[in-house]
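Okay, everyone, thanks for coming. Let me put the structure up and then walk you through a few spots in it.

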Amino acid sequence: MASSVRHPTGKPHRAAPHASGPRLLYGPPLAPRKGPSHMCTDHPKPGLAPSRRQTLLGGLATTAVAATALATAPATSAAPRSKKRDMDFALVPLGIQGGPPPHPNQAGISTALVVNGDVYLIDCGRASLSQFVNAGLPVPRLRSIFLTHLHADHCIDFATYTQLAAQFPTQYTYKNPIHAYGPGTAGKPTGKLKDGDQWANAGQATPGTREMLELLNNAFSGSANFFLKEHFIGDPAKMIIAHDIEIPAELNASADNTAPSAQPFEVMADENVRVTATLVPHGAVYPALAYRFDTEHGSVVFSGDTAPSDNLIRLARNCDILVHEAVELEASASRMGWNETTMKHMRDVHTDVNEIGRIAKEANAGHIVLSHLVPDTLSHQEWQAALRKSVRRASYTGRTTVAQELRDVPL
Ligand SMILES: [Zn+2]
C-alpha cells in the first residue's frame with residue numbers, strides 16, 4: 001500500500017503563454033502589461049503589483065465574475081502589500097485570522113507560497129480567492145492547494161476556487177487542472193455527544209478532501225450545467241484533482257489516536273517543491289496535518305492548527321521559515337470574556353503564544369512567523385509584543401514576524 005500521494009504525472013501544469021494578451025470576458029484582448037499578468041507565462045518576471053485601488057477598479061471593470069468575487073473581499077488597507085515581489089520565491093499571507101467567526105476587515109486563514117513563478121496555496125479560508133487576486137498573484141499559475149485540516153475556516157473557499165476561478169476567459173482564472181491535497185476521512189465518528197446532540201450527516205459524517213470536493217461540485221452542478229448548455233465553459237469539476245493524503249499505516253494513527261509520535265512522511269514532489277507532512281494534535285480533528293515545503297530557495301513549514309507538538313518540531317527542524325499558529329491567553333481571558341471551558345479548549349487545541357519562542361528554538365527555525373491569530377481582536381502591536389516576550393524568554397535569536405495580510409514575508 002502506498003504511504004503517500006504523489007503528483008500523478010510529475011509534469012508541470014503551466015498555463016500556455018498568451019499570444020495576444022489575456023482576453024476579457026466581455027471585451028477586447030488586454031495588451032500584455034508589466035506586473036502580475038505576465039506571471040501566467042512560462043517565463044515570469046518580477047513586476048510591480050498594482051495598488052489595492054488599481055486592483056479593485058481593474059477587477060470591477062473587467063468581468064461580472066471578478067466583480068462578484070471582489071465584492072466579498074475584505075478591506076485590507078491597514079497592511080499595504082509588498083511593492084515588488086520576487087516570483088522565484090515569495091511567502092504571501094492572504095488571511096491570518098484564526099477561527100470561524102467573521103471579523104470586519106479580516107480574511108480567513110490562507111497563505112500563498114510562490115516557487116519559480118508557480119503558486120502553492122496552503123489552506124483557503126474565507127475570502128482566500130479574493131485575497132489571492134488582491135495580492136496580485138497570478139491565478140493561472142495556481143498549481144496546488146494544500147489543506148491542513150477540514151475545519152470550515154481552513155477550507156470554506158475550496159468551493160470558490162472550484163466554481164469561480166476555473167476556465168472563465170479572464171486573467172483571474174486558471175485554465176489547466178490544478179491539484180488539491182488534504183486529509184482523508186476520519187471514518188465513522190466515535191465518542192459521546194452531549195445529551196440531545198446527534199452527529200451531523202451521520203451516514204457520511206467525516207468526508208475527506210476528495211469526497212468534500214465531490215460534494216461541493218455536486219451542490220453546484222446546476223451552475224455547471226447551465227454553462228455547459230451554453231457551450232461557455234467546461235465542467236468545473238474537472239479542473240481540480242483532489243488527493244486524500246494517506247497516513248502511513250505504521251504510525252497507528254486513528255481518530256482516537258490523532259497524532260502519535262512519528263517521523264515526517266512525503267506527500268508529493270514536483271520540479272519546484274518537495275512536500276512532507278506530519279500529524280499534529282488539534283482536538284478531535286483527524287487527520288490534522290502540518291506541511292513542510294523544501295525548495296531550491298529555502299524551506300517553509302506550516303503548522304496548521306495544533307497544540308504544541310513534538311511532531312511539528314521534528315518536521316520543522318532547521319527550516320528557514322516556520323509559520324505557526326498562536327492563541328493569546330493572558331489578555332484574552334478578560335478581554336474576550338472567555339470562561340474556563342473556552343480557555344481549556346484554546347489551551348488543548350491551539351498553541352499559547354508563550355510557547356512559540358521555545359518551539360522556534362527547539363526546531364532551530366531561522367525565522368518564526370505567527371499567523372492564524374486567536375483572538376482576532378488583538379492589535380498587530382500587541383501580537384508583536386507577545387511574540388517578543390515569548391522569544392526573549394526562550395532565548396530564541398532567529399528572525400520574528402507577525403504576519404499581516406498581503407504583506408510578503410521575506411526569506
Ligand atoms: Zn482548526
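This is a predicted model: local features need pLDDT of at least 70, side-chain atom pairs count only at pLDDT 80 or more; totals for chains, interfaces and linings use all residues.

So, the zinc ion: its donor residues are spaced H-x1-H-x130-H-x22-D along the sequence. Which atoms do the coordinating around the zinc ion? They are NE2 of His 149, ND1 of His 151, NE2 of His 282 and an OD of Asp 305, at 2.2 to 2.3 Å. Two of those histidines, His 151 and His 282, tie distant parts of the chain together, being 131 residues apart. His 151 sits in the loop between strand E4 (142-146) and helix H4 (152-155), while His 282 is in the loop between strands E8 (274-279) and E9 (289-294). Are they buried or exposed? His 151 counts as partly exposed, because its relative accessibility is 34%. His 282 has 3%, so that one counts as buried.

The angles among the four donor atoms run from 91 to 165 degrees, and the site comes out as irregular. For reference, the ideal angle for four tetrahedral donors is 109.5 degrees.

Okay, zooming out for a second. The protein has twelve helices and 13 strands, and of its 411 residues, 53% count as buried. If you take the contacts with a separation of 6 or more, 68% of them are between residues 24 or more positions apart.

Let's look at a couple of helices. First up is H6, residues 209-219. Which of its residues are buried? That would be Thr 209, Met 212, Leu 213 and Asn 217. They sit on the same side of H6, because they cover an arc of only 130 degrees around the axis. On the face of H6 turned away from the buried side, you find the exposed residues Glu 214 and Ala 219. And what do the buried ones pack against? The list is H4, helix H5 (158-163), strand E5 (178-183), helix H7 (221-229) and strand E6 (240-245).

Helix H10, residues 340-349, can be read in a similar way. Its buried residues are Met 343, Met 346 and Val 349. Their arc around the axis is only 155 degrees, so they too end up on the same side of H10. Glu 340 and Thr 341 are exposed, on the face turned away from that buried side. The packing partners of the buried residues are strand E11 (321-327), helix H9 (332-335) and strand E12 (367-374). There's also something at the start of H10: a side-chain oxygen of Asn 339 comes within 3.1 Å of the backbone nitrogen of Thr 341.

While we're on E12, have a look at His 367, which is in that strand. With a relative accessible area of 2%, His 367 is buried. Leaving out residues up to four places away in sequence, His 367 touches a list of residues that includes Asp 320, Tyr 396, Arg 399 and Pro 410.

Next, Thr 173, in the loop between H5 and E5. This one is buried too, at a relative accessible area of 2%. Its side chain reaches two backbone oxygens: that of Phe 168 at 2.4 Å and that of Thr 170 at 3.4 Å. Among the residues Thr 173 touches are Val 139, Pro 140 and Leu 164.

Last stop, the cysteines. How many disulfides are there? The count is zero.

How values were computed: Residues are numbered from 1 along each chain as its sequence is written. Side-chain values use heavy atoms; hydrogens and water are left out. Buried means under 20% relative accessible area, exposed over 50%, partly exposed in between (1.4 Å probe, protein chains only). Helices (H or I, at least four residues) and strands (E, at least two) are DSSP runs, numbered from the N terminus. The arc is that of the directions from the helix axis to the C-beta atoms. Contact means heavy atoms within 4.5 Å. A polar contact is a pair of N or O atoms within 3.5 Å; within protein, one must be able to donate a hydrogen and the other to accept it, and residues adjacent in sequence count only if both atoms are side-chain atoms. Donors are N, O and S atoms within 2.8 Å of the metal (3.2 Å for Na, K and Ca); water is not among the atoms, so sites may look incomplete. Four donors count as tetrahedral if all angles lie between 85 and 135 degrees; four count as square planar and six as octahedral if opposite donors are over 155 degrees apart and all others between 65 and 115; anything else is irregular. A disulfide is a pair of cysteine sulfur atoms within 2.5 Å.
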